[in-house]
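The stops below are meant to be selected one after another.

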Amino acid sequence: MSVFHRGTGIFLFLGTLMIVGWVLVLAIGPSAFDRYMELITSRVGKVLLFAWTFSLFYHLANGIRHMLWDLGWGFEIQKVYLTGWIVVGVSCLLTAGVWLLPLLV
Amino acid sequence: MTAINLGDRNGERGTKHWLWQRISALLLIPLSFWLSINFAMMCNGSYVNARAWLSAPFDATLLLLTLIALLIHSHLGLQIIIDDYIGGGVAKLLVRISGLVCCLVFVLTVMAIIQLSLLG
């Protein structure tokens, strides 16, 4: 799980660059923007975006788990497993939620 | 888990690193939700919508604040990863490069937002 925390962290940094790129093409103009949007909403783009969303929520949830450990809570082995599964479950739920949101609104 | 060679003798810089990592993390909890939800709404691709969103001062400011927290948090995290998996003198150089990249990224974003706000 903690190698995943680092891996998602790196992937999220690349995602930050992707978002910054989005802001930059927005400032450049409509044609650059449209081409950028085509790229990120392509098949490959959507897969990467989905992976980015999951990485975000996984890293966030596991980060909270880390900070609880900082406070000294949750080191017992049953709690480690339980919170680990909660992290994975919450990540899946939030990822699904954010992806379904544009369809509902 | 946090083990970095910052070269100081009393460990003060390591403690600050640990602290700022947590501070930026706490700020990023609400900010990440805000960013991911807004970004998901933007993905219908409309240029006009996207510009309107970034022209709003509240959203632009929040985006910049989120970006600052993200870049601080990323830089601190990358510092650990570089030091753990690369290490040595090269690591120190790479950490400085990553810091410069973060500054560059921030400046470019500010310039883009200024341009979007002034050109309306």
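This is a predicted model: local features need pLDDT of at least 70, side-chain atom pairs count only at pLDDT 80 or more; totals for chains, interfaces and linings use all residues.

Residues are numbered from 1 along each chain as its sequence is written, chains are lettered from A in the order in which they are written, and side-chain values use heavy atoms, with hydrogens and water left out.

**Helix H3 of chain A**

Select residues 43-70 of chain A, which form helix H3 (helices are DSSP runs of H or I, at least four residues, numbered from the N terminus). Its 28 residues should span 40 Å at 1.5 Å a residue, and the end C-alpha atoms are 40 Å apart, so the two agree (the expected span is 1.5 Å times one less than the number of residues). Just after H3(A), pick Gly72(A), whose phi is positive, about 95°.

**The cores**

Next select Trp22(A), Leu26(A), Phe33(A) and Leu54(B), the residues with the most contacts inside the largest nonpolar core, which has 37 residues. Such a core is a set of buried Ala, Val, Leu, Ile, Met, Phe, Trp, Tyr and Cys residues joined through side-chain atoms within 4.5 Å, where buried means under 20% relative accessible area and exposed over 50% (1.4 Å probe, protein chains only). H1(A) gives the largest share of this core, eight residues. Apart from it lies another core, of seven residues, including Phe13(A), Val20(A), Leu71(B) and Val105(B).

**The largest pocket**

Now show His5(A), His59(A), Gln21(B), Ala25(B) and His73(B), the closest to the centre of the largest pocket among its 33 lining residues. On a 1 Å grid over the protein atoms alone, a pocket is an open set of points where a 1.4 Å probe fits, with protein on both sides within 12 Å along at least five of seven lines; lining residues have an atom within 4 Å of a point. H3(A) supplies the largest share of the lining, nine residues.

**Two single residues**

Which residues does Ser98(B) touch, leaving aside its neighbours within four places in sequence? They are His75(B) and Leu78(B), contact meaning heavy atoms within 4.5 Å. Ser98(B) sits in helix H4 of chain B and is buried, at 10% relative accessible area.

Finish at Leu71(A), in the loop between H3 and helix H4 (77-104) of chain A. Leu71(A) counts as exposed, with 72% relative accessibility.

Technical notes: Helices (H or I, at least four residues) and strands (E, at least two) are DSSP runs, numbered from the N terminus.
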